[in-house]
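Please view the sequence and the structure before reading on.

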Amino acid sequence: MERRTLLKIGAASVPALFVSTALTGCGTGSGSGGGGDTPTITMLVLGDKPTNGRVEAMLEQLNTLLTEKAGATLDLYYVEWADWQTQYNVQLLSGDGSIDLIGTATDWLYAWDNAGKGAFLELDEALLQENAPKTWEQVNADGHWDLCKLDGTIYFAPEDNYTQFTNHGFFYRGDWATEAGFADGTITKFEDFTTYFQWVKDNQPEAYPWDVAGSNGAVLDGYIAGHADFQTIQGIAAGIYFPLHTTEADPYKVTSWLMEGDVLKEAADLAKQWNEIGVWREDALNYDGDTRELFYAGLSGADQHHTQTFLTGIVNNMTTKQPDSDPRFFYWGTENGNFFKDLKTHGAMAVAASSGNPEKALAVYDALRNDEECYRLINFGIEGTDYIVTDGKLDFPEGYDPSTDGLGANFWYGRMDDYELDRVTDAPNKWDFYGELDGIAKEYPYETFVIDQNPFAPSLSAVSGVLSEYLPQLQYGKFDDPSAAVDEMRAELESAGINDIIASVQEQMDAWTSEQGLS
């Protein structure tokens, strides 16, 4: 399998309901005008602010290059993971001119919604060609600008030339799974984690079977993905939830497993069973500890995120910190292949509508994306300090610990295969694993389907309120009668107007399928 032609798999990993938050992250915004004639361009990214000083050191070197290559310097403003969904949108819509570049995405960072609300600058072709010529040329040659248009206008640049797999699942320990009775330590069904978790509970008293924190929807997502053919419609969110779906059997009929069928009730029953076992801590919903570090420390039997995290981080860390743990990955939809290839706009970069220096903002982005010196700094850090290159692979200095020494620049909006390096810490089977997924994952069918939410915005807000009340409790098995709770939630969702939302989106889906020649 050739790397450059590998199809990207991931975050449309359907039927995901929740936006995952287990990523990583720095900085403070300073707005657009810097000292003298060199403006400072502030880029908004997602992630927790690191405290090891490495980003600041990197920016000092990077800004020397950017001053020369783009006539500007860069500052980073981070929206941290605590309440990030709310804070991200608040910052975007403030319009105070403090942000110039905005990391966005159409599947998890509300790109279409924020474009429609006026948060992003309209990017005409001349503006892009003059100020981001290399980005323009590459995206144009690949025919991907149409994926970035709302009503015929470009609003962001796609991260469309980077191989990644972001379909979610469980990380677990193959050594413990073997002890729990699974042949070769391999778990092939979601519900079989009950056996694994019970074994951890009984045999590893210092560990939680799955130490999980916050608004995590993995029990619902993971079970439903492998036991039904629902497909999440990306680009319409009710708070942190994606409420609308289709099915593979009827891909242009809008529905919702929140309202239809028994699979949600089955998932909620399983969550209750896991809660009674003691799979997670009692206060999991409010716990804010670093559960991944507890997994590395042998104090958790599982963790949850995506393929990329597993192959480029988990395998090496667990092998180093828990020798013979034999880390494994069970991805949602393992049972039936119900997961999807990445949208090319899973990562994207927009210019803030209120930016005082849009031309310089684009010039900075073009350099970060296309100049190898700048690219290595923003993505890898300072050579010799943050990384070294060994036999053509990205390596790390002696004593480097990714948990404490990571760069944390989180430039997830313009990475390019042309400048990427395999890491010595990557899983040895990384590309074989990618190839396996590439042969199974489905094409996400609605990449150009942009939903106008104005007709039902009040109802969507009301639906968000209902879901935020019920879904966290269902996920953590806190209802005595999950089936009755689902019925109550469905009644409240109906009162909130979810059927009107479905009807409106169905009308738009019908128009889109007609335009695409699909019906």
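In helix 9, the residues Leu264, Lys265, Ala268, Asp269 and Lys272 meet Pro482, Ser483, Val486, Asp487, Met489 and Arg490 of helix 17. Contact here means heavy atoms within 4.5 Å, and helices (H or I, at least four residues) are DSSP runs numbered from the N terminus. By class, this contact has five nonpolar, one polar and five charged residues. Ala, Val, Leu, Ile, Met, Phe, Trp, Tyr, Cys and Pro count as nonpolar, Asp, Glu, Lys and Arg as charged, and the others, Gly among them, as polar.

The model is predicted: local features need pLDDT of at least 70 and side-chain atom pairs count only at pLDDT 80 or more, while totals for chains, interfaces and linings use all residues. Residues are numbered from 1 along each chain as its sequence is written, and side-chain values use heavy atoms, with hydrogens and water left out.

**Helix pairs**

Two packed helices are described by the angle between their axes and the distance between the axes. Axes are lines fitted to C-alpha atoms, for helices over the stretch in contact, and angles run from 0 to 180 degrees between N-to-C directions.

| Helix pair | Angle | Axis distance |
|---|---|---|
| Helix 9 (residues 263-277) and helix 17 (residues 482-496) | about 135° | 9 Å |
| Helix 11 (residues 307-321) and helix 15 (residues 430-438) | about 170° | 11 Å |
| Helix 5 (residues 133-142) and helix 12 (residues 358-370) | about 65° | 8 Å |

Helix 11 and helix 15 are therefore roughly antiparallel to each other, a term for angles over 145 degrees. Their contact is made by Thr307, Gln308, Leu311 and Thr312 of helix 11 with Lys430, Phe433, Tyr434 and Leu437 of helix 15. Four of these residues are nonpolar, three polar and one charged.

Between helix 5 and helix 12, Pro133, Lys134, Thr135, Gln138 and Val139 of helix 5 meet Tyr365, Asp366, Arg369 and Asn370 of helix 12. This contact divides into three nonpolar, three polar and three charged residues.

Helix 17 also holds Glu494. Leaving aside neighbours within four places in sequence, Glu494 is in contact with Met259 and Asn499. Glu494 and Leu123 are 371 residues apart in sequence and 39 Å apart in space, C-alpha to C-alpha.

A cavity is a set of points, on a 1 Å grid over the protein atoms alone, where a 1.4 Å probe fits but cannot get out; lining residues have an atom within 4 Å of a point. Grid points are joined across faces, edges and corners, and a volume is the space filled by probe spheres set on the points.

The largest cavity holds about 50 Å³ of space. Its lining includes Gln91, Leu92, Ile99, Ile102 and Ala352, and by class this lining has four nonpolar, six polar and one charged residues.

The second largest cavity holds about 40 Å³. Among the residues that line the second largest cavity are Thr106, Trp112, Tyr444, Glu447 and Phe449. Five nonpolar, three polar and one charged residues make up that lining.

How values were computed
On a 1 Å grid over the protein atoms alone, a cavity is a set of points where a 1.4 Å probe fits but cannot get out, and a pocket is an open set with protein on both sides within 12 Å along at least five of seven lines; lining residues have an atom within 4 Å of a point. Helices (H or I, at least four residues) and strands (E, at least two) are DSSP runs, numbered from the N terminus. Angles under 35 degrees count as roughly parallel, over 145 as roughly antiparallel, 65 to 115 as roughly perpendicular and the rest as oblique.
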